[in-house]
Amino acid sequence: LAISSSSNDLYRYIRYNSNYFKSLNDLFNELKNLGFIKLLEFKYPLKEKEYFLDNHLNDFILVFNGNTNWWKGNEWYENGGIILQDKASCMPAKVLMYNWKDDEGECIDATAAPGNKTSYVSALMSNKGKLHAFERSSHRYNTLTRMLEKAHCKNVIAQRADFLESNPNSGEYKKVTRILLDPSCSGSGIVNRLDYLLEDEVEESDLKTERLEKLASFQLQMILHAFKFPSAKRIVYSTCSIHAEEDERVVYSALQSKIAKDKGWKLAPREQVIPTWERRGRPEELGGDEEMAQGIIRCLPEDRTNGFFVSCFVRDDAVGISIK
Ligand code: SAM
């Protein structure tokens, strides 16, 4: 089945919120009461009352037919039991929390609003411990706090603050082992923006190049700042961009930095980064390193998601891929 960038309405992803339901079975039962049938195999297009568990994020993502807004007015939707979120945008939190044990430490979401990934990380922490969430914009910070409340996040400490101004050596963050970095980007992967971008591609303007350069330099700064946190051992860097300038090239520059080498930051191997996802990084943007590219996830509309990029840095005892 060929999927065009505008055919997002063929299906709809829904994220189960374990901060609300006690178990996935409780949600299945609610859906059964609404007349939904859970399929055991993947099937597109889905009929109106059919759904199945996603094959990559099967503990949290359910796939529905995209033609109805059946959840509207539903009590457990209105109360944060489910969250409408693109599958690709769920991947960073899932990769970040690989092998997480509730007593491991604390987490940071460095760029949190509107909070979709924050609330997923919160759920993956079993709503326990501490998740520090930063948001620089005051307007977006207000959205974030509303979202966290609706999603029943009890373990998030949200602050309206610039992550780059945080002090990695402050006692407040000494237990932080994992950091999510999903910074501002060009947004070129967002499906309804793709058609426009493809048309635009013809005239590769200086303006676009300049904008991408600025974004890339900011994104790199964010990663280098995250590298400084003394107990950090896993950092996920993601964008909703399809441009290598904001994706692999930023990752490659980060790995070449002095701090990465001093602190032993490497790229996580494929087996820790949703290995069953087929579309991986572009080796030609990573000094030709195929192994490094395998540690990266890319998503495109033909994968039935938005365009997206997910990478993961690890260090210390973690098995990782070093820059050659
Ligand atoms: N992770 C979010 C989600 O899934 O809902 C989306 C994050 S959005 C791509 C990036 C956010 O980072 C924006 O809200 C932006 O205001 C914020 N931001 C950008 N630079 C920041 C900084 N230096 N410190 C904290 N927040 C920042």
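**Ground rules.** I number residues from 1 along each chain as its sequence is written. Because the model is predicted, local features need pLDDT of at least 70, side-chain atom pairs count only at pLDDT 80 or more, and totals for chains, interfaces and linings use all residues.

**Domains.** I looked up the domain assignment, whose bounds come from an automatic or database source. It gives domain 1 (7-84) and domain 2 (89-314). Their centres, taken over C-alpha atoms, are 26 Å apart. I then checked the contact (C-beta atoms, placed from the backbone, within 7 Å). Domain 1 gives 13 residues to it and domain 2 gives 17. On the domain 1 side I noted six nonpolar, six polar and one charged residues. Here Ala, Val, Leu, Ile, Met, Phe, Trp, Tyr, Cys and Pro count as nonpolar, Asp, Glu, Lys and Arg as charged, and the others, Gly among them, as polar.

**Ligand shell.** I found 19 residues around the ligand, and Thr111, Asn116, Lys117, Arg136 and Phe163 come nearest. Helix H4 (116-124) and strand E7 (131-135) each give two or more residues to this shell. Elements are DSSP runs numbered from the N terminus: helices are H or I, at least four residues, and strands are E, at least two. By class, the shell has seven nonpolar, six polar and six charged residues.

Cys240 sits in the loop between strand E10 (234-239) and helix H8 (248-256). Cys240 counts as buried because it has 22 C-beta neighbours inside 10 Å; the cut-off for buried is 20 or more other C-beta atoms within 10 Å, with C-beta atoms placed from the backbone. Leaving aside neighbours within four places in sequence, its contacts include Cys185, Gly187, Asn306 and Phe308.

Notes. A residue is near a molecule or strand if its C-beta atom, placed from the backbone, lies within 6 Å of it. Two residues are in contact if their C-beta atoms, placed from the backbone, lie within 7 Å. A residue is buried if 20 or more other C-beta atoms lie within 10 Å of its own, exposed if 12 or fewer, and partly exposed in between; C-beta atoms are placed from the backbone.
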